[in-house]
Structure formats: structure tokens, C-alpha cells
Amino acid sequence: MKETNEWVLTDAMDPQEKIDVARLILEDLPEWFGIESARNEYIQQAADQRVWSCKIKEQPLGFISLKRTGNATGEVAVVGVSKEMHRKRIGAALLAALEEGAREEGMEFLQVKTVKLGTDPNYDRTNLFYQRQGFMEFECFPELWDPGNPCQIYIKSLIKN
């Protein structure tokens, strides 16, 4: 658990709490999670993933979940921070906690999927966030999701030199 004067960051949650936190945050972010079926899939999958949440006095501000994709690889499955808490370093703190947890689990690389830069202003902010956090463009799949939402994959090494 990590604490600041304002908020607490933890990954000690039972499956129902993971679902509840994911639902509360993602339903507040229709600009990124407006497709109900996709949003519900993220919410349900959170129950079986390692999830970190950020709270003030038990009020969730954001969360992030980790999905193992291979022996040494993982994926940032989903991350969301309440709109009023954007640009307050909560996303960066959540990502740092996930990266440390992934290292503890023996992961050496992370990937994250998002909508390609230049497609949607909201997702442009997302792309820039990941780039600032050290992720690098890996590959774009123009029609993985659908032609209007080209899937950009970013990767990051977790190996400390």
C-alpha cells in the first residue's frame, strides 16, 4: 500500500470490490469507455486480474489492472481515473504500482493497447500519457477492433539496468 497526504494506493481487493471499483470509474468515462459491451467486459475481467486502486477516504479515484499474457509478459488491461482527478499524477502512480507488481511476478515486458494517435482527441491524450511513461510504439493493427478505431500497441521493458 502506498499513501500520500491525499490518497491511498492498494491492490488488496476481493473480486467483487474489483468489479465495483471498475464499474464506478469506467461508467464515469464515456469518452473512453462508451461501448457498453466492451466496458462490461473490462469490468467483469477485473475480478480475475490483479487490480490496484487509488482512493481518498474509501472513495475510488482510479484503478488499473494487469493481465498476464505470457511467461515474461503482461498487459495493462485497463486503466481509468475519474475525470476530476485527471492530471494529478494518479494514473502515473497506478502505472508505477502495476509495473512494480509485474516485476515481482517475473514479467519483463508490458504492452498496452489503445486507439492510434491522431484518431480521436481523447485517445490522443491517452497515447501521450503512455509515451510520457516510457512506452514505445510497437505495432498498429488498423482493423483489429474496427476501421474507425485502429489498435495501437505500445510496449515497455521492465528490466532494470
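The following dialogue discusses how to read several features of a predicted model.

Colleague: Let us turn to the strands. What is the general idea for the side chains of a regular strand?

Modeller: Side chains in a regular strand alternate between the two faces of the sheet. As for pairing in this structure, strand 7 (residues 136-146) and strand 8 (residues 149-157) run antiparallel and are joined by six bridges. These two strands form a hairpin, with two residues between them. Glu137 has Tyr154 in strand 8 as its bridge partner, while Phe141 stands opposite Cys151 in strand 8.

Colleague: How many bridges join strand 6 to strand 8?

Modeller: There are seven bridges, and strand 6 and strand 8 run antiparallel. Within strand 8, Lys156 is the residue opposite Leu110.

Colleague: Which residues have the most contacts inside the largest nonpolar core?

Modeller: The largest nonpolar core has 27 residues, and those with the most contacts inside it are Ile64, Val76, Ile90, Leu94, Leu98, Leu110 and Phe135. At least two residues of this core come from each of strand 3 (50-56), strand 4, strand 5, helix 4 (90-104), strand 6 (109-115) and helix 5 (121-132). Helix 4 gives the most to this core, with eight residues. Apart from this core lies another, of 17 residues, among them Met13, Val21, Leu26 and Trp32.

Colleague: With which residues is Leu98 in contact, leaving aside its neighbours within four places in sequence?

Modeller: With that exclusion, Leu98 is in contact with Trp52, Ile64, Ser65, Leu66, Val76 and Leu110.

Colleague: Where is Pro60 found, and is Pro60 buried or exposed?

Modeller: Pro60 is found in strand 4 and counts as buried, at 11% relative accessibility. Not counting residues up to four places away in sequence, Pro60 touches Val21, Leu24, Ile25, Cys54, Lys55 and Ser82. Sequence separation and spatial separation should be read together. The C-alpha atoms of Pro60 and Val81 are separated by 8.8 Å, although these residues are 21 residues apart along the chain.

Colleague: Which loop holds Gly70, and how far apart in space are Gly70 and Phe109?

Modeller: Gly70 is in the loop between strand 4 (59-68) and strand 5 (73-81). From C-alpha to C-alpha, Gly70 and Phe109 are 9.7 Å apart in space, and they are 39 residues apart in sequence. Gly70 counts as partly exposed, with 23% relative accessibility.

Colleague: Where is Gln133 placed, and is Gln133 buried or exposed?

Modeller: Gln133 is in the loop between helix 5 and strand 7. Gln133 is buried, because its relative accessible area of 17% falls under 20%. Among the residues Gln133 touches beyond four places in sequence are Arg89, Ala92 and Lys156.

Colleague: What is the phi value of Glu58, and what is that of Arg87?

Modeller: Phi of Glu58 is near 70°, a positive value in a residue other than glycine. Arg87 also has a positive phi, near 65°, and is likewise a residue other than glycine. Glu58 lies in the loop between strand 3 and strand 4 and is exposed, with a relative accessible area of 65%. Arg87 lies in the loop between strand 5 and helix 4 and is exposed, with a relative accessible area of 72%.

Colleague: Finally, which residues lie nearest the centre of the largest pocket?

Modeller: Trp32, Phe33, Val79, Tyr123 and Thr126 lie nearest its centre, and 46 residues line this pocket. Its volume is about 1400 Å³. Among the elements that each supply at least two lining residues are helix 2 (30-33), helix 3 (36-46) and strand 7.

How values were computed
Residues numbered from 1 in each chain as written. Predicted model: local features only at pLDDT ≥ 70, side-chain atom pairs only at ≥ 80, totals over all residues. Heavy atoms only, no water. Helix = DSSP H or I, 4+ residues; strand = E, 2+ residues; numbered from the N terminus. Buried < 20%, exposed > 50% of the residue type's maximum accessible area, 1.4 Å probe, protein only. Core = buried A, V, L, I, M, F, W, Y, C linked by side-chain atoms within 4.5 Å. Contact = heavy atoms within 4.5 Å. Pairing = 2+ DSSP bridges. 1 Å grid on protein atoms, 1.4 Å probe; cavity = no way out; pocket = protein on both sides within 12 Å on 5 of 7 lines; lining within 4 Å. Points joined across faces, edges and corners; volume = space filled by probe spheres on them.
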